[in-house]
Amino acid sequence: MTVAVPLSLTLRAMTAEDLPRAEELSAEQSWPHRMEDWELFFELGEGIVAESDGEIVGSIMGWRFGDNVASIGMVIVTPNRQGAGIGRKLMEAMLARLDGYTVMLNATADGLPLYTRVGFVPLATVRQHQGLAPTMPLAPLRAGERVRPLGMDGAAIIRMYNEAVGMDRTAFMERVMRDSQATILTREHEPVGFSLLRRFGRGRVVAPVVAQDLAGAQALVTHWLGAKAGKFCRMDVDGDSGLSQWLEDIGLPCVGSVTTMVRGPAPVPRGTGKVFAVMGQAFG
């Protein structure tokens with residue numbers, strides 16, 4: 001197939017006025033992002049768009065976490081401009097902005113060659129599960145455990161999350177929690193895990209999920225799927241955590257996977273919590 005090469009190409013900072021076109025770009029890829037999702041991406045991060053002959057033909061977003069780690073997502077080139085090097089130009093421009101940061105992203109199979117060429121290496125696999133939430137029994141809790149509403153534990157779960165991801169996502173979590181419902185798992189009254197639920201795409205996303213072990217993660221997820229039985233739900237889970245197979249077994253199927261990649265020293269998790277479900281494929 002002959003690729004239509006742009007007669008001119010300009011890269012510039014994304015503005016709020018570009019968001020309707022950005023939503024169109026993601027829809028062209030059959031991605032589910034709503035305008036509200038793009039508005040959150042833009043509020044929390046920074047973007048670059050590629051313009052050709054007055055039309056936006058590509059986008060990229062970046063988010064900074066503390067002063068040493070960032071993530072990249074929403075790397076899109078409109079179909080009739082793919083293969084012309086626009087994606088690489090957008091990536092190089094964003095990496096220049098994020099110079100000095102360790103940068104992470106989640107790569108589709110189509111994006112892997114580009115990201116490898118600019119210095120990213122594979123780190124993990126994220127499996128996307130989605131569908132109508134199954135009817136769930138009560139979670140089998142161990143002695144001394146309880147799943148309850150968040151209450152006054154906001155600072156505790158932010159600290160738990162920062163330790164589990166190995167970076168400072170405090171401002172990011174504070175903003176996302178404003179639009180989320182939260183549950184916390186306690187053991188002998190001490191917080192040992194949490195999960196958030198918010199609107200996203202076609203329905204709701206359970207994200208992130210942090211717990212000390214698989215049983216704790218299952219208890220947290222059971223709460224939300226049971227509450228939303230029959231409603232469309234999505235989760236993006238660590239492929240090696242054991243949660244993916246459990247979701248398959250209970251009827252929330254895997255519909256695809258992406259490869260988590262890193263450019264620079266990988267963040268080192270601390271504490272006892274583990275990320276069982278990531279905040280999202282764009283954010284990581």
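## Basis

The model is predicted, so local features need pLDDT of at least 70 and side-chain atom pairs count only at pLDDT 80 or more, while totals for chains, interfaces and linings use all residues. Residues are numbered from 1 along each chain as its sequence is written, and side-chain values use heavy atoms, with hydrogens and water left out.

## Second largest pocket

The second largest pocket has a volume of about 580 Å³. A pocket here is an open set of points on a 1 Å grid over the protein atoms alone, where a 1.4 Å probe fits, with protein on both sides within 12 Å along at least five of seven lines; lining residues have an atom within 4 Å of a point. The volume is the space filled by probe spheres set on the points.

The lining has 31 residues, and Met 104, Leu 123, Thr 260, Val 275 and Val 278 lie nearest the centre. Strand S6 gives the largest share, four residues. By class, 22 lining residues are nonpolar, six polar and three charged (nonpolar: Ala, Val, Leu, Ile, Met, Phe, Trp, Tyr, Cys and Pro; charged: Asp, Glu, Lys and Arg; polar: the others, Gly among them).

Helices (H or I, at least four residues) and strands (E, at least two) are DSSP runs, numbered from the N terminus. Two strands pair if DSSP finds at least two bridges between them. S9 (residues 190–200) pairs antiparallel with S8 (residues 181–187) over seven bridges, and Thr 183 stands opposite Ser 195. Six bridges join S9 to S10 (residues 203–211), again antiparallel, with Leu 197 opposite Val 206.

Eight of the 11 residues of S9 are buried, so the strand is largely enclosed by the rest of the structure. Buried means under 20% relative accessible area, exposed over 50%, and partly exposed in between (1.4 Å probe, protein chains only).

## Helix H3

H3 (residues 86–97) reaches 17 Å from its first C-alpha to its last, close to the 16 Å expected at 1.5 Å a residue; the expected span is 1.5 Å times one less than the number of residues. Its buried residues are Ile 86, Gly 87, Leu 90, Met 91, Met 94 and Leu 95. They cover an arc of only 165° around the axis, which puts them on the same side of H3. The arc is that of the directions from the helix axis to the C-beta atoms.

## Backbone features

Most residues other than glycine have a negative phi, and most peptide bonds are trans. Met 74 has a positive phi of about 55° and, at 5% relative accessibility, counts as buried. Glu 188 also has a positive phi of about 55°, but at 54% relative accessibility counts as exposed. The peptide bond from Ala 207 to Pro 208 is cis, with omega near -5°; Pro 208 is in S10.
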